[in-house]
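Keep the model open beside you as you read.

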Amino acid sequence: MALPKKLAFKYVQLKFRLLSALSKKQAAKKAFQFFCTPQYKNKKQLPPIFAKAEKLLFTFHGATVQGYRWNVTSAKKLLILHGFESSVLNFDRYVRPLIEKGFCVLAFDAPAHGRSDGKRLNILLYKDLINYVNQQFGPVTNFIAHSMGALALSMALEEWQRNEKCKAVFIAPATETTTAANALFRRLKLNKKIQEQFKKVIMKEAGAPIEWFSISRAAQQIKAQVLWFHDKEDNVTPLSDVVPIIERHLPNFTFKISEGLGHRRIYRDSEVIKAVIDFF
């Protein structure tokens, strides 16, 4: 982390320490807002393949969402879903091979990400976006999803009837929300009492405990064919969260475990890209 970012985060930690002393409930609410607020927004120049796409714009929960579509006449549709603090622009290497396979490719920046506006993103909002895209531009039966996008997709798929018709690639998925929350607690140095208040905020806002937001739980209802890529050195979504699912030997889940690619380089890896394209 560069020095200016370190100093900025020290300031954030100080703010939470002061707020915690005043009100643990308010500190927990602010921590949840911070949890859902990307600190970085990818607005890099459009890759050439994106510059050639049909641009799609719509308003969703008060935010203007920027999307892209290729090969619109094909009935065989595939949706690309990015992770937190990312953008669909990072998946440009997948688009041309998928078009050549005959897919209509759809890709959207989630609210508060990339070229979409908005301030925050949570799993339920992302899941609702997937459902909206499926209704307006689908039906979509093929998916490539990274990190938070994969968790949101898992929660959408479990609600879909006859999801066995779908094929999904999960790349370094955010398997357990509790793991992401625990990482936040460590970064902000939040004590146990505030952590418990944080969990109460999620229960109130989402109507479900934090443990509900879990691919391990949702996997029980997913009958789609799932190809799952994960790296042993992923320090954002650790492989240890995935092991219990692997050990269940679900017949529709196939796991490919790499080493040395981490959380983000994995979806840019040429061998991973080839395996994904071959899967479809």
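Helix H8 covers residues 192-206, and its axis lies 8 Å from that of H2 at an angle of about 65°. Axes are lines fitted to C-alpha atoms, for helices over the stretch in contact, and angles run from 0 to 180 degrees between N-to-C directions.

Before going on, a word on the model. It is predicted, so local features need pLDDT of at least 70 and side-chain atom pairs count only at pLDDT 80 or more, while totals for chains, interfaces and linings use all residues. Residues are numbered from 1 along each chain as its sequence is written, and side-chain values use heavy atoms, with hydrogens and water left out. Helices (H or I, at least four residues) and strands (E, at least two) are DSSP runs, numbered from the N terminus.

Helix H2 (residues 24-35) also meets helix H7 (residues 177-188): their axes come within 11 Å and cross at roughly 115°. This crossing, too, is right-handed. From H2 come Ala31, Phe34 and Phe35, and from H7 come Thr177, Ala180, Ala181, Leu184 and Leu188. Seven of these residues are nonpolar, one is polar and none is charged.

Now turn to helix H5 (residues 123-137) and helix H6 (residues 148-157), whose axes are 8 Å apart at an angle of about 65°. That makes the pair roughly perpendicular, a label for angles of 65 to 115 degrees. H5 passes H6 in a right-handed crossing.

Last, find Lys256 in strand S8 (residues 253-258). How exposed is Lys256? It counts as partly exposed because its relative accessibility is 40%, and that class lies between buried (under 20%) and exposed (over 50%), using a 1.4 Å probe and protein chains only. Lys256 touches Leu227, Trp228, Phe229 and His230, leaving aside residues up to four places away in sequence. Trp228 is 28 residues from Lys256 in sequence, yet 6.1 Å away in space, C-alpha to C-alpha.

Technical notes: Left-handed = near helix turned anticlockwise from the far one by under 90°. Contact = heavy atoms within 4.5 Å. Nonpolar A, V, L, I, M, F, W, Y, C, P; charged D, E, K, R; others polar. Parallel < 35°, antiparallel > 145°, perpendicular 65-115°, else oblique.
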